Amino acid sequence: MNNTPLTFKSFRYILLKCVAERDLFTGKSLHALYVKSLIASSTYLSNHFVNLYSKCGRLSYARAAFDSTEEPNVFSYNVIVKAYAKDSKIHIARQLFDEIPQPDTISYNTLISGYADARETVPAMILFKKMRELGFEVDGFTLSGLIAACCDRVDLIKQLHCFSVSGGFDSYSSVNNAFVTYYSKNGFLKEAVSVFYVMDELRDEVSWNSMIVVYGQHKEGAKALALYKEMILKGFKIDMYTLSSVLNALTSLNHLIGGRQFHGMLIKAGFHQNSHVGSGLIDLYSKCGGRYGMSDSEKVFREILFPDLVIWNTMISGYSLNEELSEEAVKSFRQMQRVGHRPDDCSFVCVISASSSLSSSSQGKQIHGLAIKSHIPSNRISVNNALISLYCKNGNLKDARRAFDRMPELNVVSYNCMIKGYAQHGRVTEALLLYQQMLDSGIAPNKITFVAVLSACVHSGKVAEGQRYFNTMKETFKIEPEAEHYSCMIDLLGRAGKLEEAERFIDAMPFKPGSVAWAALLNACRKHKNMALAERAANELMVMQPLAATPYVMLANMYADAGKWEDVAAVRKSMREKRIRKKPGCSWIEVKKKEHVFVAEDWSHPMIREVYEYLEEMMKKMKKAGYVMDKKWAMVKEDEAGEGEEEKRLGHHSEKLAVAFGLMSTREGEEIVVKKNLRICGDCHNAIKFMSAVAGREIIVRDTLRFHCFKDGKCSCSDYW
């Protein structure tokens, strides 16, 4: 700034420009001049300093500017109320609102909008009622805020819809746009479409963008693209929100080629460096790009000039979708913090999701601690739900239930996560009791709830109960069963030995069975030694997943069990010819915050000799306790196996090595948690039961399907797996 004295007019002009451009540095310089009384004191100017600091995210400065205002007016209060609401401190915003000598409609609208952001429906509705009783004028902003505050209360949204029509508020585009958005968010696509088309001439760019997003959210990508073309023909302005909505539609269609073509158009139009559009591109490539999708996402990210929090969240989310890139998700989260972004609820949900795929339980606890310190009030329920899922996946049901019980508010996702956790750990009674508790609390189950409940029945062999829950879906809750529900039923019947019934069930499905259904049937066939049906299931899987090793391996194992070694050789030859390789068994364990990886018959671990020595001594104690090695799991023909070959193969399975390392590296009484990339084999399952008894330790093994909790020589699955 030069030394020319500032007039009130020029001072005001520069200040307003600072507010518009969020120029905190210049604004603070102006404020210093103002405080030194180089410019005449003015409530008008003080209000704009409050506004500036609020928009720049400096709430403490905004409050100081407000407190120093000599004669605050209603505008002063409205600005500071908005600042606190924006910073998720709705209780302080309410206190300040109650201090306003003469609030106006804007005061009420501001607080209602704050309640909407905080997802506090009841206080918003009470405030609206009070507003009407006092005779304040209701406008489009009032109703838009109220609709947003209703969240998932569709009954209230419908009441407000009737109120808006009868009161003539349906002439506001903003109100109709809010109805389109919130009907859609709650799954009411028909109602959202109806509002959009009834609007007719009232439709603005926001209306079209909202509807394109709605179609994308409901997997109606083709309709979204058709709407985009119609929007162009009608001459509406295309902006970054429109383009990101189209990218969302292409993502819902899994249309990578179309997405790449659209990306080319965005580059020509100069939108590719826009953070809003960039977020859509990153999402497209991460979800539709397959194995190499994230490399394309990284290229998009590097082109964006000023990546904002949304962009970082999208990158973290993209990494978290691929288990192999979970570590990258955590690194990206840390980098985001280093460059100065404060994580929000979405950041935590994404990084917690990634952490649940890592073998490190300490990593998840660190993120949990950071979330607590961050005081995330906005949509905190989603963060807690992610934490429940994290602890369940890490074999820590106690902390999962503790997080569940401490939640101030529960929704269907909260119950789904906890029910699924109990089911995976074989705690069937708790899972079904929690399901009943959910119904008693008035929360309606959804499709995912029934997958969790049916899984609980699968893991315990409760066939009759499973069939009852399956029938309840459609009869009581009007939920059409999907592929995953049918797969659960096939698994339930198959494990219980009802293979013919399972086959009839799969043949009677209203749509073509998927790979999960045939894999469940194949697994049941192996358990109950039904070779003919196993061959059918394996052949179906080979057609659906020509490069997957699972059907070949399972079929070869069944032939080996039956002593059909020529058939085993034929399957293995077919695998070699098609270049299909069996995934090697791999197990992970975390000890003292360090991850240790063991692969079957691998000598790369620095302490592997000590592990084998410990395991050898443990085996001696186990055999004295009655353990007999089940040599059929070695999958070696007896007359071809060298002396001790079968015992050597079985003794070197990765889960045995990981458990042995855990026992020798931890304190007495400390729980052992091991994770494996394949299903645990029968001999290892039996061996670890003996290891838990001999060592007097609780051992938890998570394989690809469930948790096995070994204690005192028994497993939580009761050998039903």
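## Sheet

Two strands count as paired if DSSP finds at least two bridges between them. In this predicted model, β1 and β3 meet that rule, with 3 bridges in the antiparallel sense. Within this pairing, Trp-588 stands opposite Lys-675 of β3.

β1 (residues 586-591) also pairs with β2, again in the antiparallel sense, over 6 bridges. Here Cys-586 has Val-599 of β2 opposite. On the β4 side of β3 the sense is parallel, with 4 bridges between β3 and β4; Val-674 has Val-701 in β4 as its bridge partner.

These strands belong to an open sheet of 6 strands with mixed pairing, ordered β2-β1-β3-β4-β5-β6. The edges are β2 (594-599) and β6 (714-715); each has a single partner strand, so one side of each has no neighbour in the sheet. As for β3, 4 of its 5 residues are buried, so the strand is largely enclosed by the rest of the structure.

## Confidence

The mean pLDDT of the protein is 88, and 95% of the residues reach 70 or more. Confidence is highest in helix α26 (residues 428-440), at a mean of 95, and lowest in helix α36 (residues 645-651), at 65. Where pLDDT is low, the predicted coordinates should not be read in detail.

## Cysteines

The search for disulfides over the whole structure returns 0. Cys-18 is in none; the nearest cysteine sulfur belongs to Cys-56 and is 8.7 Å away. The cut-off for a disulfide is 2.5 Å between the sulfur atoms. Cys-18 has a relative accessibility of 3% and therefore counts as buried, the limit being under 20%.

Cys-350 is likewise in no disulfide, and the nearest cysteine sulfur, in Cys-346, is 4.2 Å away. With a relative accessibility of 9%, Cys-350 also counts as buried.

## Aromatic pairs

The count of aromatic pairs is 28. One of them joins Tyr-108 and Phe-136: the ring centres are 4.8 Å apart and the planes are at 45°, so the pair is tilted. Tyr-108 belongs to helix α7 (residues 105-117), while Phe-136 sits in the loop between α8 (121-133) and α9 (140-149), so the pair ties together parts that are 28 residues apart in sequence. Tyr-108 is buried, at a relative accessible area of 2%, whereas Phe-136 is partly exposed, at 23%.

A second example is Phe-470 with Tyr-486, where the centres are 5.4 Å apart and the planes at 75°, so the pair is edge-to-face. The rule for that class is an angle over 60 degrees. Phe-470 lies in helix α28 (residues 463-477) and Tyr-486 in helix α29 (residues 483-495), 16 residues apart.

Definitions and conventions. Residues numbered from 1 in each chain as written. Predicted model: local features only at pLDDT ≥ 70, side-chain atom pairs only at ≥ 80, totals over all residues. Heavy atoms only, no water. pLDDT = per-residue confidence, 0-100. Helix = DSSP H or I, 4+ residues; strand = E, 2+ residues; numbered from the N terminus. Buried < 20%, exposed > 50% of the residue type's maximum accessible area, 1.4 Å probe, protein only. Phe/Tyr/Trp six-rings, centres within 6.5 Å; stacked < 30°, edge-to-face > 60°.
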